[in-house]
Amino acid sequence: MPGTVTSQAAAVLMLWCALSALTADARATPLARVEFESAFQGLISSAVIPGDRIQGDLARPDGAGPFPAVVGLHGCAGMDDATKQRLADELVAWGYVVLLVDSYATRRGMDHACTSSAFATFVRRWPDAYGALAFLAHQTFVDPQRVAVVGFSAGARVALSVAETHSFEQFVPDGNLRFRAAAAFYPPCMQAVERPAIPTLILIGALDDWTPAADCSSRIARWGNDGPSIELVIYPGAYHGFYYLQPGRTMLDHWLEYNGEAADDANHRLHRFLDRHLN
């Protein structure tokens, strides 16, 4: 990387440490650990298998509600605590309940899915998103008709997948319980299949060499304009993982780097997007 990366990484590291300290402050939104079942998974035969027990971090605004809600899906290596807290703080301040799904905590031997196990893990995480939706739907302080999904990297792949029409038909046959909007941070767009059947926001860095922005541009062009809105935002100078509050680093030969300007703009756009489609 260029020589400037070292100084940038040092600056980000100091920011990360400061924000990590802030998360321990009493002003931080309380996160409650909850457990729920992922959705039942249909087999090729007519049989089904029970969903796995999954954990997640729940945060909510003060008051009785019912509030709109967001299901958050981490990337292939999970989500660091500082980013998790910042995301919860933002969403609760905007008036949303948030459930940050942890797809790894209860699965033995699984702490990441960034290599050969990526597809197998993706298949298992798809029902996790619907299990989180069903869990929220049973909370009296949540409006089950106003729930969105927000995913990051591998979690963004899941978010785009559950936004597809066939996803609703497989897991929610009656069509009554479904996600109403989807936001995807740096998703692998070439792995997306159908055009999303719900409003979708895609946020990605121009310098992302893991999930290239060009793949999202070409995929959206291929889908055409018929259907709910799809908004694509490409950030100049931003790499993969620009939202995560971690110092610049290499992972599996890809460069990941926090970008405060892109992250702040993404927060602004996400806020507008959620308010437009859930309120």
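The following legends describe close-up views of a predicted model. Local features require pLDDT of at least 70 and side-chain atom pairs count only at pLDDT 80 or more, whereas totals for chains, interfaces and linings use all residues. Residues are numbered from 1 along each chain as its sequence is written, and side-chain values use heavy atoms, with hydrogens and water left out.

**View 1. Overall fold of the protein.** The protein has 7 helices and 12 strands; helices (H or I, at least four residues) and strands (E, at least two) are DSSP runs numbered from the N terminus. Of its 279 residues, 53% count as buried (buried means under 20% relative accessible area, exposed over 50%, and partly exposed in between, with a 1.4 Å probe and protein chains only). Among contacts (heavy atoms within 4.5 Å) between residues at least 6 apart in sequence, 77% join residues at least 24 apart.

**View 2. The disulfide of Cys189 and Cys216.** The structure holds 1 disulfide, defined as a pair of cysteine sulfur atoms within 2.5 Å. Cys189 is joined to Cys216 with an S to S distance of 2.0 Å, and the link is right-handed, with 80 degrees about the S-S bond. Cys189 lies in the loop between β8 (181-185) and β9 (200-205) and Cys216 in helix α6 (residues 213-223), so the pair ties together parts that are 27 residues apart in sequence. Both Cys189 and Cys216 are buried.

**View 3. Asp264 in helix α7.** Helix α7 (residues 260-278) contains Asp264. Asp264 is partly exposed, at a relative accessible area of 48%. Tyr243 and Asp264 are 21 residues apart in sequence, and their C-alpha to C-alpha distance is 8.5 Å.
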